[in-house]
Amino acid sequence: MISLERLRTASVIHAKYRGADKIERDIELMLARRSFLNDNTPILFNSAFWKTAKKQLKKESFGKCAYCEANTDVVAHGDVEHYRPKSTYWWLAYTYDNYLFACQICNQTYKSDNFPLRQGAIPYPCPSVINISTDPEINLLAGNISPDPIEVGLNYTLQTYIDEHLREQALLLNPYFDNPEVYFAYEADDVTQEVKIIPTQKRYAEYVEAAEDFYGINRIELKSLRYSVYKNFRTFKLSYRVLTDAVVKREVQKQIEDMLSSKYLFAGMNRYFDTLL
């Protein structure tokens, strides 16, 4: 897993995720929530709504799953994933900043609607929308229950959203807001020919455990695939030290730099071992 950056321009974020359209979606969700409170009518989400975001989200994660960092064309077709499950965080169902690109194995097989928090942590609060009952309340809150992806300083600001994210202490990392390098280290085993993710410090063990349970981050296929990339990276690093031919050495250096770039498979792992080899 590597840190990701969200591009916030009108040319890449469809109008339906922002501005007046976002306010309309907020109202739609709150009306549905009120119906649920009044007569237990289930909240039905429009699954076609977030599919439009897939192309840009995939581009931002370089065609890799934002969680396991494998090429989605290899492990499974990618999904637009709701980081916070819409089944619980219903008011974020149409929030662009709650979307990322993930492979179907991480998203559907492992994560599903799971969203573990640190023991004693308070779930993401949005108390004002929990028990809404009147039209004036809904109209007042519209546009104020989650951030606009471009106008990040208006209403419910992006900084507020990030602050709430940090306060909630989710055990599943979000690469748009968390730095995986702080939490995740890597351990190579030449006997089993696997590379697994381990915590950088003991206090981060629960984050790795959550990633194992709900992202499948250490499933056997990933550990084996990581090792094949690690082996090549190690070969280039060790070769660079002893090469004397300037042309060959320059080509090896280019390959190392490419393997450290965000577009490369398991770049997070390569960057970790780059400091050790």
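Tutor: Let us begin with burial: a residue is called buried when its relative accessible area is under 20%, exposed when that area is over 50%, and partly exposed in between. The model shown here is predicted.

Student: Which residues of helix α8 are buried?

Tutor: In helix α8, residues 205–214, the buried residues are Tyr207, Val208, Ala210 and Ala211. These residues lie on the same side of α8, because they cover an arc of only 160° around the axis.

Student: What covers the buried residues of α8?

Tutor: The cover includes α7 (180–183), β3 (184–189) and β4 (194–199). After α8 comes glycine 216, which has a positive phi, near 65°.

Student: Is lysine 22 buried or exposed?

Tutor: Lysine 22 has a relative accessible area of 4%, so this residue counts as buried. Lysine 22 belongs to helix α1, residues 19–39. Neighbours within four places in sequence aside, its contacts are Lys16, Tyr17, Ser146, Pro147 and Asp148.

Student: How should I read charged side chains?

Tutor: Side chains of opposite charge can pair when their charged atoms come close. In this model, the count of salt bridges is 17. One of them joins arginine 8 and aspartate 97, at 2.7 Å from N to O. Arginine 8 lies in the segment before α1 and aspartate 97 in the loop between β1 (78–82) and β2 (99–103), so that the pair, 89 residues apart, links distant parts of the chain. Aspartate 97 is buried, at 0% relative accessible area, whereas arginine 8 is partly exposed at 24%. Arg6 is linked with Arg8 and Asp97 in a network of salt bridges.

Student: At what angle do the axes of α9 and α10 cross?

Tutor: The axes of α9 (residues 220–242) and α10 (residues 246–260) come within 10 Å and cross at roughly 145°. The crossing is left-handed. Residues making the contact include Phe233 and Lys237 of α9 and Ile256 and Met259 of α10. By class, this contact has eight nonpolar, three polar and two charged residues.

Methods:
Residues are numbered from 1 along each chain as its sequence is written. This is a predicted model: local features need pLDDT of at least 70, side-chain atom pairs count only at pLDDT 80 or more; totals for chains, interfaces and linings use all residues. Side-chain values use heavy atoms; hydrogens and water are left out. Helices (H or I, at least four residues) and strands (E, at least two) are DSSP runs, numbered from the N terminus. Buried means under 20% relative accessible area, exposed over 50%, partly exposed in between (1.4 Å probe, protein chains only). Contact means heavy atoms within 4.5 Å. Axes are lines fitted to C-alpha atoms, for helices over the stretch in contact, and angles run from 0 to 180 degrees between N-to-C directions. A crossing is left-handed if the near helix is turned anticlockwise from the far one by less than a right angle, and right-handed if clockwise. Ala, Val, Leu, Ile, Met, Phe, Trp, Tyr, Cys and Pro count as nonpolar, Asp, Glu, Lys and Arg as charged, and the others, Gly among them, as polar. The arc is that of the directions from the helix axis to the C-beta atoms. A salt bridge is a side-chain nitrogen of Lys or Arg within 4 Å of a carboxyl oxygen of Asp or Glu.
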